[in-house]
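Subject: Model for you to look at

Hello,

Here is the structure I promised to pass on. Please open it next to these notes.

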Amino acid sequence: MRVISGTSRGRKLREPVGMDIRPTTDMVKESVFNIIQFDIEGRRVLDLFAGTGQMGIEAKSRGAAFVTFVDASQQAIGIVKENVTACKMGEGTEIIRTDALAFLERCGKYDVIFVDPPYDTPLLDEAVKKIIEFDILRENGIILCESKADRQLGEIHAPYRLKKEYRYGKIKITTIIREAGE
């Protein structure tokens, strides 16, 4: 697992031992960043259920102004800290060990939000619901949700809307945007 592009390009990231953390594959990660390539530079990014932190690190490497990494697992937070340090990204990042859903109730606004909870839980729907309820995505912002390919998200309410779904074998990336002016 490596950083694909930007200031930390080629930097190897620490991977978890065991299966409690499921890192996004390099193919899916590259595809995600092709989707949002013009939506990263200078933006505030939230890596929710951060795991290894690779999505937030990739965003920071590509010019994100600020990245918040959130995970409840002590093991995950330790890996994120090591990876952020190895990529020399301490400035413009914050790493928070807390429950992701509780964090959404008190955080500020973000331009890009990565949501990649454990697959076989209701956490994806719960997180998206809270993001919409607390309206933490800025206008024209984007939420990128990773799930199993057969997973359907719950109802999305305006000013948020489902933009597109992308399938990569057994994995699906769902993009949700927040419309401007609503």
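How are α1 and α2 oriented to each other: roughly parallel, roughly antiparallel, roughly perpendicular or oblique? They are oblique (angles under 35 degrees count as roughly parallel, over 145 as roughly antiparallel, 65 to 115 as roughly perpendicular and the rest as oblique). The axes of helix α1 (residues 26-35) and α2 come within 11 Å and cross at roughly 45°. Axes here are lines fitted to C-alpha atoms, for helices over the stretch in contact, and angles run from 0 to 180 degrees between N-to-C directions. The contact (heavy atoms within 4.5 Å) involves D26, K29, V32 and F33 on the α1 side. From α2 come Q54, M55, E58 and A59. The crossing is right-handed; that is, the near helix is turned clockwise from the far one by less than a right angle.

Some ground rules. This is a predicted model, in which local features need pLDDT of at least 70 and side-chain atom pairs count only at pLDDT 80 or more, while totals for chains, interfaces and linings use all residues. Residues are numbered from 1 along each chain as its sequence is written, and side-chain values use heavy atoms, with hydrogens and water left out. Helices (H or I, at least four residues) and strands (E, at least two) are DSSP runs, numbered from the N terminus.

Now the sheet. Two strands pair if DSSP finds at least two bridges between them.

Y166 has I173 of β7 as its bridge partner.

Next, the parallel part. Strand β1 (residues 44-48) runs parallel to β2, joined by five bridges. R44 stands opposite F66 in β2. β2 and strand β3 (residues 93-97) are parallel too, again over five bridges. There, F69 has I95 of β3 as its bridge partner. The chain gets from β2 to β3 through helix α3 (residues 74-86), in a right-handed β-α-β crossover. β1, helix α2 (residues 54-61) and β2 also make a right-handed β-α-β unit. Right-handed here means that, with the strands pointing away from the viewer, the path from the first strand over the helix to the second runs clockwise.

Burial is worth a look. Buried means under 20% relative accessible area, exposed over 50%, partly exposed in between (1.4 Å probe, protein chains only). Strand β2 (residues 66-71) has five of its six residues buried, so the rest of the structure largely encloses it. Helix α2 is mostly covered, with eight of its eight residues buried. What covers them includes α1, β1, β2, α3, β3 and β4. G63 follows α2 and has a positive phi, near 110°.

Last, K81. This residue lies in helix α3. At 45% relative accessibility, K81 counts as partly exposed. K81 and F38 are 43 residues apart in sequence and 27 Å apart in space, C-alpha to C-alpha.

Best wishes
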